[in-house]
Every structure is written in C-alpha cells, then in structure tokens.
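Work through the exercises below with the sequence and the structure side by side, and try each task before you read its solution.

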Amino acid sequence: MCGIVGYVGSQQAAPLLLEGLTRLEHRGYDSAGIGVLSGSGLKVAKRAGRVRDLAAALPARFAGRVGIGHTRWATHGPPTDANAHPQVDAAGRVAVVHNGIIDNAAALRRRLSDEGVQLASDTDTEVIAHLVARSVAATLEERVAAALALVEGTYGLAIVHADFPDRIVVARNGSPLLIGVGDKEMYVASDLAALVRYTTTVAHLQDGEMATVTAAGFTTYRQDLTATVTPAEELDIDPGAYDVGEHASFMHKEMLEQPDSAEHVLRGRLDDRFGTAHLGGLGLDARETREVRRVKVLGCGSAYYVGEMGASLIEELARVPADAEAASEFRYRNPVIDPDTLYVAVSQSGETADTLLAVQEIRRKGGRVVGLVNVVGSAIARECDGGIYLHAGPEVAVASTKALTNMFLGFALLALQLGRVRDLSIADGHRLIAGLRALPAQIGEVLKREEELRPLAERLAAAESLFFVGRVRGYPVAREGAQKFKEISYRHAEAYPTSELKHGPLALVSPAVPTVAIVPDDELVERNVGALHEIAARGGPLVVVTHAGVDLGEVAERPDVHRIDVPASERELDPILLTIPLQLLAYQAAVHLGHDVDKPRNLAKSVTVE
Ligand code: F6R
C-alpha cells in the first residue's frame, strides 16, 4: 500500500527520497512523487507509474535539503499524475503525503469548493493541503493541528510548507510513521525498509501524536500541541536483511531463509523438562491458560489460512474448540465476544487494517486477544493484550513465505502450551518438541529440491485453471497453496476439500485442469488415494504432495501423475512441510511466466485500508 518518506538535513533531498521510495516499492503502488523545499520555494514532481519513471522525468534542477515523497496505491480516484502525492494547495506552498483514508473527504471537498477553492485532484488527501494553507495560525504545527481537527479518518501524514522551510510536520492516526535519527539529519518513513540504510535509531509515533522534524532533531506532541515523550531507540536489525543479495527476488531469498527463521521463532521457547512451550509474552499464567474454553483465530489471506492450520492444531493438542475466521468479515457480523474465548490475531505486517479493526472490536467488547505478529511494535502488536513475536526477520516480497511458516510454528507453540495445562501428556509434549526441533532442517531438505520441481511448475503454469485439494489438516494447506499460486502466477487456482470433489468440482476435472492433491500419510490416506483415482479416471493431471511410504496404487503409473514426497514429521506438524513445495511450485511457475514475483499486480504487502 502507500508509502511515505521524508528527509531534512544537509544533503540534497531528492536522491534520498527516490532511494527511500524504491525501498518501499514492495508495498505495492501505482504512482509516485516527491516534493522538496529550497530558498526558491516548493518544487513537486509526481506521476503515475514506477519510481524509476519518476526519477527519469525529474527536472535537472530539483535542489532542496528538506523533502517528502510518496508511493500511492489508488483509493480515491484512479492512478493519474494529478492524483499522485504530494498533494498541494492552490498557491503551491503546502505539500502533503498521506497514507490512510479521510472518511469525511467528500464533505470537506464540498465545503472547500463552496468557499471558492479549485480542487485539482480526485483525492481525499488534497483537502488537507488546502486546509493547512487556509489556516492563519502562527506556526506550521498549529496550522496542521487546526486542519486535522476538521478531518475524520486514518492517516500517516508528512507535510511541508514553503513558509517554514526548515521542517517537516508529521502526524499519525492509524497508519504507521517512524522518525529516523541521523547525524544532523533526520528521516521520516512509514516503513523501516526505507530507513535502515541510513539509520537504525528510530522513534515510533503513536496514534494521535504529531511531530516536528528538523535537521537538529524532533519533538513530539498531541494534536492539542501538549508535549509527549517518544524517545528514539536503537533497533537491533541487520540492514542487510532488507537487501536482495545474490537472489533473483526477495521471495526467493525469503523462501530459502526459512530453515534459519524457523529456528528463530522456536529459540528459547521449548521447555524440555516439562515437555511444553514458554510464551511469556502471552501474559497468561497457568490458571488463565486453563480457563480458556475456546480459541478463535483471526487473520486475512494467507494469515487466515495458516490460522486454520493453527486452529486445528490447537483443537487436536489442547482439545479446546478452535476455529479461524477471515478478520475482514468478522467485524461486520456483530460477533458475540465471549470472555472465556482466547482470540488470536495473526499478521505478518501487524498493520492489516481488517485484522486491526477486528482486534479493536474484540477489545471494545471486553474480549482478550493475543497477537501472532512479525513486525515488532506494529499496530496490531501494540493493540493486543499479549502475543508471540514471529522473529522471521523482514519480509519484503508480497507473497508471504517465511512469516507464514513462523506463524504455523507460533501456533504449534501455543497449542503445546494450551495442551500441556490440560490433557496432553508429557510424553506427547516431548514427542512434539522433538518434531518441532527437526522441522528447520526438514524444511531445508524440501527447499533443496527447487531445481527438480521446476519442470513440474512449468507444466502447471501452462494450465489456465487448477484445483488444490486436501482434507482436514491438508485442506488449509491446499487453500494456502492455491492462494500462493494464484497471487503470483495469475492462474485461476481454487482450493476444495478433497471430500467435496464429487459434490460439484469434479465436473471441471479434465486433461486441461490439473489438480494438486495434499495426501499426507495420516488416518485419511486411503480415502485421499481413492479421490486421486476419481480424478485420474477423468483424465485430470495430478501433482501429489505426500510422504514416502504412501502407495498411490495404479494412479502412480500414469504419465500425467507426479509425486512430491516431503520428509515425515509428527503428524500434527505435517501441514508446514506439505506447504513448502507449494511455495516452490508457485514461485517457479510465476518466474516461468515472466512475472514480477515480488510485486504481483494489484496486490500490496500491507493492506492498511479496509
Ligand atoms: C499472501 C499474502 C496476503 C497476506 C494478507 C495478510 O501471500 O501475503 O494474503 O497474508 O494480506 O497480511 P498480514 O499477515 O500482514 O496481516
């Protein structure tokens, strides 16, 4: 989604802003722009298209040591040059970049029009530039605060004004904003990725806070201009983690990082003595853990599908009813919030608006919600009562891989802890701990088969439409597999429970429609193999993701049937090893089709609007 950068210091702002915007490209965008201040006033360059197009079209003279920049993902109005940010006032003295949505923009646009203001774009953001410009207060801070008093909605904002050429004023309400501290220079960004090359000393603005950023430092205050204390912290991050290195794409890099990142989420959390997990961040003592009567997982997209894997793991190990629901739907059906239910919000970015709003709805109604979140200090992490950080490291590619794997492992730890205060035996606890410890290396074994899977992926890429099927533990694996395949290959990929095939979808099975079937060596293996025969009998090509011991019968003899064996793990942990080859197949198919795997069309990394 939209991204913000800002710079104030002694260097030329434009190259730094363009570099910062390039670092935010992965968030998804359709236009970009920058605005800089110098002695001669405000200069703005913006256009639909890529950051590189903006850089190529930048006038030769674009000097200024204070500036803001933006990548826009269209919400109000199409991706045009006029709708790109920065948005400016009529006199071209105020420039605004904005992430989020102004809910009362239509009313404010009408009011400004009635007062004779010519609106130059279709955006909600433009009103802020006019409102700031029309304020006659003495300071920029007062002018911005006066404008924001009229605005309803969510925002991360950075604003410059030609009359106050030494500063950027920023404000946050529901959309992240960070201030990076350099040596006599300061940075602003909506995402760490834009800052880490320059500084790892960072202040996170809170909702309702504003800040004034000058080359000398920053001050923070509320919208009524009373001071707040928001210290900058030195973050323990490796800036190299944001570089693609020798990989062809971030998705490739992040898939291959999974054995290491999986180690990180388990580190220090397994208790061999009692065969359980330690999750101090949950903030639940043994009694409170026992009192949980039900678990409800909420997430969006892949986080929702891994939430389904997690819910079934919790139900299996802890024997408490558990299910997962799309957070994007949850809030809209006036859900009953039960005090004995543990709600679990799962999110890589920690900024997904639908998940955040679901968390807020639960807490407003007095429910207890914990987070499984990757980005430390993100909105969802801060909003929850407690949680488990995923420690996957930064995930840049839009398609989630290593964060998703760590979500599954986070659920396994939670299931173990919930199970061991109930009826899960210490022997089972030890068995699962051994299984979890083996997983990082087993994930590595599957990843080594990348080249071997390439021809298979290329065959799948040739199909316009595919099915992904699985049962019980395998069904969310199929859903996630279909999701990954469709989002980067743009092929129609649909997931079904294998048991549902004959209730409808079998009508579509043909030599042109391959099926990827998840067939673990579990209590349903015979039924699953039976379904493979039904597909093969209708000429449907098959890719079977399975375990070495599974006998596929005469189906295995067919030339259009391929099997991928994953290492055997503890049965309850199977879903994650079954998921890894599906990542590889989606990735190879997308590469073969020539797609930009890191930035799939129409999608964004953090979906910060509803
Ligand atoms: C799929 C994918 C998306 C995200 C979803 C939730 O590969 O990346 O479906 O899983 O948008 O995002 P987070 O986890 O940041 O809440």
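**Exercise 1.** Find which residues in H9 meet which residues in H13 in this predicted model, and describe how the axes of the two helices lie to each other.

*Solution.* Begin with the contact, in which residues of H9, including Ser302, Val306, Gly310, Leu313 and Leu317, meet residues of H13, among them Leu404, Phe408, Phe411, Ala415 and Leu418. Sorted by class, the contact of H9 with H13 has 16 nonpolar, four polar and no charged residues. Next, take the axes of H9 (residues 302–318) and H13 (residues 402–420), which come within 9 Å and cross at roughly 20°. Because angles under 35 degrees count as roughly parallel, H9 is roughly parallel to H13. Finally, the crossing of H9 and H13 is right-handed.

**Exercise 2.** Describe the largest pocket by its space and by the residues that line it.

*Solution.* Start with the space in the largest pocket, which is about 970 Å³. Then turn to its lining of 39 residues, of which Tyr242, Asn374, Val375, Val376 and Pro394 are the closest to the centre. By class, the lining divides into 13 nonpolar, 13 polar and 13 charged residues.

**Exercise 3.** Which residues does a cis peptide bond join, and where is the place of Asn334?

*Solution.* The cis peptide bond joins His85 and Pro86, with omega about 5°, and Pro86 belongs to the loop between strand S4 (66–72) and strand S5 (87–88). Asn334, in turn, is in the loop between helix H10 (327–330) and strand S20 (341–347), and its phi is near 45°, a positive value in a residue other than glycine.

How values were computed: Residues are numbered from 1 along each chain as its sequence is written. This is a predicted model: local features need pLDDT of at least 70, side-chain atom pairs count only at pLDDT 80 or more; totals for chains, interfaces and linings use all residues. Side-chain values use heavy atoms; hydrogens and water are left out. Axes are lines fitted to C-alpha atoms, for helices over the stretch in contact, and angles run from 0 to 180 degrees between N-to-C directions. Helices (H or I, at least four residues) and strands (E, at least two) are DSSP runs, numbered from the N terminus. Angles under 35 degrees count as roughly parallel, over 145 as roughly antiparallel, 65 to 115 as roughly perpendicular and the rest as oblique. A crossing is left-handed if the near helix is turned anticlockwise from the far one by less than a right angle, and right-handed if clockwise. Contact means heavy atoms within 4.5 Å. Ala, Val, Leu, Ile, Met, Phe, Trp, Tyr, Cys and Pro count as nonpolar, Asp, Glu, Lys and Arg as charged, and the others, Gly among them, as polar. On a 1 Å grid over the protein atoms alone, a cavity is a set of points where a 1.4 Å probe fits but cannot get out, and a pocket is an open set with protein on both sides within 12 Å along at least five of seven lines; lining residues have an atom within 4 Å of a point. Grid points are joined across faces, edges and corners, and a volume is the space filled by probe spheres set on the points.
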